[in-house]
Amino acid sequence: MPKSWSQKKKDKMVGEPHKQRPDTDNVVKGIQDSLLPEDCKVWHIEAKKFWSETGFIILENKCGES
(Lines give C-alpha, C1' and ligand atoms only; values in the text may rest on other atoms or scores of the structure.)
Protein backbone atom coordinates (compact mmCIF):
# COMPACT_ATOMS: atom_id res chain seq x y z
CA MET A 1 0.00 0.00 0.00
CA PRO A 2 1.25 3.49 -0.71
CA LYS A 3 2.95 5.13 2.25
CA SER A 4 0.96 8.26 1.48
CA TRP A 5 -2.31 6.54 2.43
CA SER A 6 -3.72 7.24 5.89
CA GLN A 7 -3.94 4.32 8.32
CA LYS A 8 -7.73 4.61 8.09
CA LYS A 9 -7.62 4.09 4.31
CA LYS A 10 -5.14 1.22 4.66
CA ASP A 11 -7.40 -0.51 7.18
CA LYS A 12 -10.37 -0.05 4.84
CA MET A 13 -8.54 -1.48 1.80
CA VAL A 14 -7.12 -4.67 3.39
CA GLY A 15 -8.66 -7.61 1.52
CA GLU A 16 -10.23 -5.46 -1.20
CA PRO A 17 -9.45 -6.29 -4.85
CA HIS A 18 -6.27 -4.61 -6.12
CA LYS A 19 -7.18 -3.14 -9.52
CA GLN A 20 -4.05 -1.07 -10.17
CA ARG A 21 -0.73 -1.90 -11.78
CA PRO A 22 0.98 -4.28 -12.07
CA ASP A 23 -1.65 -6.14 -14.04
CA THR A 24 -2.49 -9.59 -12.67
CA ASP A 25 -1.31 -11.32 -15.84
CA ASN A 26 2.11 -9.66 -15.52
CA VAL A 27 2.43 -10.86 -11.92
CA VAL A 28 1.51 -14.40 -12.98
CA LYS A 29 4.01 -14.35 -15.85
CA GLY A 30 6.79 -13.27 -13.48
CA ILE A 31 5.98 -16.12 -11.12
CA GLN A 32 5.90 -18.63 -13.99
CA ASP A 33 9.22 -17.39 -15.36
CA SER A 34 10.88 -17.68 -11.96
CA LEU A 35 9.54 -21.15 -11.11
CA LEU A 36 9.17 -23.02 -14.39
CA PRO A 37 11.83 -23.73 -17.02
CA GLU A 38 8.98 -24.11 -19.53
CA ASP A 39 5.43 -22.99 -18.92
CA CYS A 40 3.96 -24.86 -21.90
CA LYS A 41 2.56 -27.54 -19.56
CA VAL A 42 0.49 -25.00 -17.63
CA TRP A 43 -3.10 -25.43 -18.76
CA HIS A 44 -5.06 -23.60 -16.06
CA ILE A 45 -4.37 -20.58 -13.87
CA GLU A 46 -6.52 -18.64 -11.44
CA ALA A 47 -5.12 -15.42 -10.05
CA LYS A 48 -6.41 -12.64 -7.82
CA LYS A 49 -4.77 -9.57 -6.32
CA PHE A 50 -5.91 -8.11 -3.02
CA TRP A 51 -4.65 -5.17 -0.99
CA SER A 52 -2.51 -6.06 2.01
CA GLU A 53 -0.19 -4.12 4.30
CA THR A 54 2.55 -6.69 3.62
CA GLY A 55 3.23 -8.34 0.29
CA PHE A 56 2.98 -12.08 -0.14
CA ILE A 57 2.12 -14.72 -2.73
CA ILE A 58 0.13 -17.90 -2.12
CA LEU A 59 0.62 -20.76 -4.59
CA GLU A 60 -1.64 -23.81 -4.59
CA ASN A 61 -1.25 -26.95 -6.66
CA LYS A 62 -4.78 -28.33 -6.66
CA CYS A 63 -4.26 -31.13 -9.17
CA GLY A 64 -1.49 -32.89 -7.26
CA GLU A 65 0.85 -32.89 -10.25
CA SER A 66 4.23 -31.23 -10.35
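**Exercise 1. Which residues lie nearest the centre of the largest pocket, and how many residues line the pocket?**

Before we start, a word on the model: it is predicted, so local features need pLDDT of at least 70 and side-chain atom pairs count only at pLDDT 80 or more, while totals for chains, interfaces and linings use all residues. Residues are numbered from 1 along each chain as its sequence is written, and side-chain values use heavy atoms, with hydrogens and water left out.

*Solution.* 
- Step 1: A pocket is an open set of points on a 1 Å grid over the protein atoms alone, with protein on both sides within 12 Å along at least five of seven lines; lining residues have an atom within 4 Å of a point.
- Step 2: The lining of the largest pocket holds 35 residues, and Ile45, Glu46, Ile58, Leu59 and Glu60 lie nearest its centre.
- Step 3: By class, that lining comprises 18 nonpolar, 9 polar and 8 charged residues.
- Step 4: The volume of the largest pocket comes to about 1,800 Å³.

**Exercise 2. Find the salt bridges and describe how Lys29 takes part.**

*Solution.* 
- Step 1: Look for a side-chain nitrogen of Lys or Arg within 4 Å of a carboxyl oxygen of Asp or Glu.
- Step 2: Lys29 pairs with Asp33, with 3.5 Å between the closest N and O atoms. These two residues are 4 residues apart in helix H2, so about one helical turn separates them.
- Step 3: Lys29 also pairs with Asp39, and here the closest N and O atoms are 2.9 Å apart. Because Asp39 lies in the segment after H2 and Lys29 in helix H2, this pair ties together parts that are 10 residues apart in sequence.
- Step 4: Put together, Lys29, Asp33 and Asp39 form a linked network of salt bridges.
- Step 5: Now check accessibility (buried is under 20% relative accessible area, exposed over 50%, partly exposed in between, with a 1.4 Å probe and protein chains only). Lys29 is partly exposed at 38%, and Asp39 is partly exposed at 27%.

**Exercise 3. Is Lys41 buried or exposed, and where is Val42 found?**

*Solution.* 
- Step 1: Lys41 is found in the segment after H2, and its relative accessibility of 73% makes Lys41 exposed.
- Step 2: Val42 is found in the segment after helix H2 (24-35). With a relative accessible area of 34%, Val42 is partly exposed.

Conventions:
On a 1 Å grid over the protein atoms alone, a cavity is a set of points where a 1.4 Å probe fits but cannot get out, and a pocket is an open set with protein on both sides within 12 Å along at least five of seven lines; lining residues have an atom within 4 Å of a point. Grid points are joined across faces, edges and corners, and a volume is the space filled by probe spheres set on the points. Ala, Val, Leu, Ile, Met, Phe, Trp, Tyr, Cys and Pro count as nonpolar, Asp, Glu, Lys and Arg as charged, and the others, Gly among them, as polar.
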